[in-house]
Each structure stands twice: as structure tokens, then as C-alpha cells.
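Student: I have a model open and would like to learn how to read its features. Where do we start?

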Amino acid sequence: MILGRNNVNGELWAIVSNEKTTLQTFAEYGLRFDIEANFLDDQSGGWNVQRSMIRDVCALSRLWFILSVATLYVSAQGVEVVRIGKRRWVDTHWFRGNSYFRIGWDWVKAALING
């Protein structure tokens, strides 16, 4: 087990592993957390790709291309929302917060709903 505090945001991390834990363990888990967030965006947090039930490789490939472009768009929108200081309009989390994808997705949805 290893405990540490993120020197950027002050978040406390506790990692339990069956392997020797070092400072490198934090770096590896940090990368893993980024990947997990991306999986969430691709699945239940965003596109719900698994619900498409597409089995054809060509159709699935086209779907992923379209979703890649859409992901780029909403992520760029999320970055812009944060840059102009309006993050709290769509993200009420105070600590970890939503991903740029999720912020952009919520911003676009709100814009469509509110005109």
C-alpha cells in the first residue's frame, strides 16, 4: 500500500497493490485513470456505443470515425468553456470535475435545449 498527495490539486491517493509500490506506481495509476475516464466518455458517460449492437466491421468502423470527429468537437468545446470561465454553468463538481468531453457535451446539449 502506498499513500500520497497530488501536488497539483491536493487530492489524496491510496493505492493497494500486490506488487512493490513506488513513486512510479503513482505515475502508472495516473495514466490508467486518464484511460478509464476516456472509456467512460465512450460508453455510459457519452456515446453509449455498446448499445448500438452493430456487428458489421465496416459499419462499426464508420461509426467510430463519426464518433471520433464528434469527440474532438465536444472536447474542444469543453476546453473553450473552461477557458472562458463558464465551467460551473455545466459542471457542478468542485474537486475532480468532469472531463472536457463531458463539459463540452453538456454545453452543447444545453445550447440545443435553450436555443
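**Surface and ring pairs**

Tutor: With V16, which counts as exposed because its relative accessibility is 65%; exposed means over 50% relative accessible area, buried under 20% and partly exposed in between (1.4 Å probe, protein chains only). This is a predicted model, where local features need pLDDT of at least 70, side-chain atom pairs count only at pLDDT 80 or more, and totals for chains, interfaces and linings use all residues. Residues are numbered from 1 along each chain as its sequence is written, and side-chain values use heavy atoms, with hydrogens and water left out.

Student: Where is the place of V16?

Tutor: V16 is in the loop between β2 (12-15) and α1. Helices (H or I, at least four residues) and strands (E, at least two) are DSSP runs, numbered from the N terminus.

Student: Which residues does I54 contact, leaving aside its neighbours within four places in sequence?

Tutor: Contact means heavy atoms within 4.5 Å. With those neighbours set aside, I54 touches A59, L60 and L63. I54 sits in the loop between α1 (23-42) and α2 (57-83), and its 28% relative accessibility makes it partly exposed.

Student: How many aromatic pairs does the structure hold?

Tutor: Rings of Phe, Tyr and Trp (its six-membered ring) pair if their centres lie within 6.5 Å; planes under 30 degrees apart are stacked, over 60 edge-to-face, and the rest tilted. The structure has one such pair. W89 and W107 are stacked, at 5.9 Å centre to centre with 25 degrees between the planes. The pair links distant parts of the chain, 18 residues apart: W89 lies in the loop between α2 and α3 (100-114), and W107 in helix α3.
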